[in-house]
Amino acid sequence: MTTRKSAKKPNVSADELKAYYRDMLLIRRFEEKAGQLYGMGLIGGFCHLYIGQEAVVVGLEAAAEEGDKRITTYRDHGHMLACGMDPKGVMAELTGREGGYSRGKGGSMHMFSTEKDFYGGHGIVGANVPLGAGLAFADKYLENNRVTFTYFGDGAANQGQVYETFNMAALWDLPVVFVIENNQYAMGTSQQRSTSSPDIYHRGEAFGIPGDMVDGMDVLAVKEAGDKAVAHCRAGKGPYILEIKTYRYRGHSMSDPAKYRTREEVQKMREEKDAIEHVRDLLLSGKHATEDDLKAIDKEIKGIVSDAADFSKDSAEPAEAELWTDIYTDIAPQNA
Amino acid sequence: MATEILMPALSPTMEEGTLAKWLVKEGDEVSSGDIIAEIETDKATMEFEAVDEGTIGKILIEEGAEGVKVNTPIAVLLEEGESADDIDSATSNAPAPQADTASESDAADSAPKAAPATAKAPDAPKPDQSPDWPEGTETKKQTVREAINAAIAEEMRGDQTVFIMGEEVAEYEGAYKITQGLLDEFGAKRVIDTPITEHGFAGIGVGASWGGLRPIVEFMTWNFAMQAIDQIINSAAKTLYMSGGQMGSPIVFRGPNGAAARVGAQHSQDYAAWYAQVPGLKVVQPYSAADAKGLLKSAIRDPNPVVFLENEILYGKSFEVPVLDDFTIPFGKARIARDGSDVTIVSFGIGMTYALEAAEKLAEDGIDAEVIDLRTLRPMDHDTVIASVMKTNRCVTVEEGWPVASIGNHISAVLMERAFDYLDAPVINCTGKDVPMPYAANLEKLALTSTDEVIEAVRKVTYR
């Protein structure tokens with residue numbers, strides 16, 4: 001199978017293109033700000049930035065319907081912004097404040113929003129894959145025609161539980177899209193050094209799960225692939241695999257010097273393949289937007305990110321009593 | 001407005017670093033993402049990127065400078081239209097927040113909520129010792145197996161979101177026949193045979209609990225659940241906390257636990273102490289059929305994840321079970337299985353077999369033992385144990401698990417803290433031996449605790 005590329009003249013409206021541009025730019029600017037706040041010591045611990053991979057979540061969110069679910073690993077800021085979670089709540093969780101989505105008790109890797117059907121934010125590589133299939137299991141059981149997007153990386157794709165899950169998802173026709181965000185490095189180990197066969201999208205074949213490889217630097221190609229996968233799931237045909245080739249510009253986490261790849265390699269991706277620049281070119285060359293239009297979007301995003309940063313600094317640290325809350329609940333959950 | 005570029009923290013532990021190299025000079029234009037400097041942290045040399053776009057107005061720290069504290073201004077960035085003359089106005093505006101880096105000692109300090117030592121011995125607690133069912137209720141003989149089966153069936157009848165999954169639970173009707181008849185009654189949608197894939201189906205169960213269902217995940221034995229322990233602890237137990245209370249995991253993990261008979265080291269482990277240590281889990285280890293039924297029904301209804309530790313040897317044992325439409329037992333309430341005044345024997349699960357046998361034999365010698373069945377290990381009913389020890393002044397604990405960091409160790413610590421002045425002898429923990437389980441019949445017997453060991457321990461603490 002060849003890499004799917006969107007057609008030269010995409011069948012997409014100006015408004016859609018502008019929305020993709022805006023949503024991707026929000027993630028990038030947010031992540032740059034998060035990196036800055038980390039540098040200032042306002043964000044602690046681990047912080048994994050999504051810069052470079054924006055087209056993956058923005059393209060797939062465009063393929064999702066209201067009520068569809070998503071779950072991912074620890075590089076999760078982009079997913080939360082793309083599904084409509086409040087940047088203020090996300091940034092305040094990064095700074096460990098009471099205004100954060102988990103009231104400061106989760107951190108960068110552990111945020112959730114039942115309101116937006118975002119089920120985390122998981123720190124154990126591969127563990128969110130059966131969890132995502134479990135959400136899909138519930139949807140099938142409750143017959144509500146929902147689809148779950150289960151995101152993981154090329155590194156997680158080597159975990160055994162991923163294949164345990166592929167087997168059961170196929171066996172039980174679970175409506176789950178397995179999204180492998182292949183950014184080509186599992187922390188510092190390149191795919192060539194960790195993976196016996198490079199085409200991860202083939203790995204469902206043993207279970208009868210179809211898979212496509214997608215250009216993850218092209219938001220339109222991602223959206224198109226997402227539409228196809230979602231239609232497959234919603235038709236009751238079981239799971240689908242999308243291996244989305246992408247690239248992270250920053251290190252694995254903030255403390256990663258990224259010596260395992262050359263500066264030229266990163267620079268080349270940025271200059272030649274950048275997903276945001278690609279949409280920007282489409283907007284300008286197709287006369288869907290003027291430079292001034294885009295400047296206005298830039299300005300709006302800058303304001304949102306700046307407000308989120310301010311909120312994340314001004315929000316108080318959680319009260320000490322919070323240490324002892326949310327260990328058990330008395331409240332029965334509502335059926336989703 | 002001109003902005004200061006600050007010395008960044010580039011690792012969770014960095015406090016200062018070396019500005020190894022500038023990759024830009026004054027007057028250079030930069031845009032966000034451009035690498036502007038190389039900085040040596042405590043761990044590595046890192047590339048430092050610009051966040052904002054603008055012109056490098058002034059470099060404040062020369063390259064090669066060592067020991068530059070985090071958040072020290074290292075350069076000034078000018079926006080479009082600004083000149084280097086604007087620099088002075090910027091320098092005092094930038095905030096230099098001091099991060100609260102939580103040290104390990106902070107975390108350790110906050111963990112135990114220890115009460116300060118007081119001179120006065122504490123009053124005896126007044127635990128709830130109401131009976132589990134009203135006096136006069138009809139009872140019938142039932143095995144633990146039948147009681148567990150009935151609990152599952154009753155809860156599945158009452159709530160369509162309850163389902164059971166596991167290896168051989170449906171068509172085979174359970175490796176230990178716990179799920180007999182369930183497939184017939186509830187169908188394949190709700191009684192689900194899984195492949196042999198504990199890690200995977202435990203995770204699917206937890207995900208399903210987040211999606212609005214109430215899964216019962218059967219492990220053929222708890223030994224196999226070690227394949228799945230990450231999902232039980234990291235996913236089921238911690239998510240409510242990590243989500244700030246948004247998402248609980250209403251799920252029951254159940255199956256036989258501990259030694260059976262002659263099945264060797266990998267199939268003979270008691271996980272009571274392991275799971276009882278985990279905040280976010282509830283942990284049950286019943287002994288009698290009535291407890292198994294009442295507690296399992298409570299477990300299935302509980303909005304939190306419950307680890308339910310059964311025992312293969314007890315499955316076939318019969319007990320009186322109340323004939324009631326809806327019989328439940330609350331968590332955190334121990335049962336006084338035998339009243340006594342000379343010594344308190346605390347146990348749970350199959351350990352109760354030894355505890356009760358020992359008590360009967362000791363009675364023949366005039367030693368009157370009180371026997372407490374903890375029933376739930378998290379939450380644990382400390383009060384009933386303490387009230388009893390304040391009366392008897394002596395305590396022996398009994399369990400089949402290993403001795404290090406055992407449930408008995410925990411109870412000893414609680415008694416030290418809350419009933420020290422009442423103890424007339426050191427607490428003795430009867431446990432399994434500190435060895436993997438051997439296969440040979442004689443060695444296996446030695447590896448487990450026994451009625452004789454309990455009797456000997458009681459004689460020691462009563463000096464008789």
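Helices (H or I, at least four residues) and strands (E, at least two) are taken here as DSSP runs, numbered from the N terminus. The model is a predicted one, in which local features need pLDDT of at least 70 and side-chain atom pairs count only at pLDDT 80 or more, whereas totals for chains, interfaces and linings use all residues. Residues are numbered from 1 along each chain as its sequence is written, and chains are lettered from A and ligands numbered from 1 in the order in which they are written.

In chain B, helix H12 (residues 382–392) is mostly covered, with 9 of its 11 residues buried, a residue being called buried if 20 or more other C-beta atoms, placed from the backbone, lie within 10 Å of its own. Among the buried residues of H12(B) are His382(B), Val385(B), Ile386(B), Val389(B) and Met390(B). Their cover includes strands S17 (335–338), S18 (343–347), S19 (369–373) and S21 (395–398), together with helix H13 (407–419), of chain B. H12(B) is followed by Asn393(B), whose phi is positive, near 70°.

Elsewhere in chain B, UniProt lists residues 2–78 as "domain: Lipoyl-binding" in an unreviewed entry; such positions are given in the numbering used here, feature names are shortened, and annotations may be inferred rather than shown by experiment. The end C-alpha atoms of this span lie 5 Å apart, and the span is 0% helix and 49% strand. Strand S3 (residues 29–30) of chain B runs antiparallel to strand S6 (residues 54–59) of chain B, to which 2 bridges join it; two strands are said to pair if DSSP finds at least two bridges between them. The bridge partner of Glu29(B) in S6(B) is Thr55(B). S6(B) is also joined by 4 bridges to the antiparallel strand S8 (residues 73–78) of chain B, where Ala75(B) is the bridge partner of Ile59(B).

Chain A contains an open sheet of 6 strands with parallel pairing, in the order S2-S1-S3-S4-S8-S7. Its edge strands, each pairing on one side only, are S2 (118–121) and S7 (211–215) of chain A. Neighbouring strands of this sheet are turned by 20° against each other on average, direction ignored, where axes are lines fitted to C-alpha atoms, for helices over the stretch in contact, and angles run from 0 to 180 degrees between N-to-C directions. Strands S4 (residues 176–182) and S8 (residues 240–245) of chain A pair in the parallel sense over 6 bridges, and Lys245(A) in S8(A) is the bridge partner of Asn182(A). Helix H8 (residues 219–234) of chain A packs on the sheet, touching S4, S7 and S8 of chain A, and its direction makes about 170° with that of S8(A); contact requires that the C-beta atoms of two residues, placed from the backbone, lie within 7 Å.

Terms used
A residue is buried if 20 or more other C-beta atoms lie within 10 Å of its own, exposed if 12 or fewer, and partly exposed in between; C-beta atoms are placed from the backbone.
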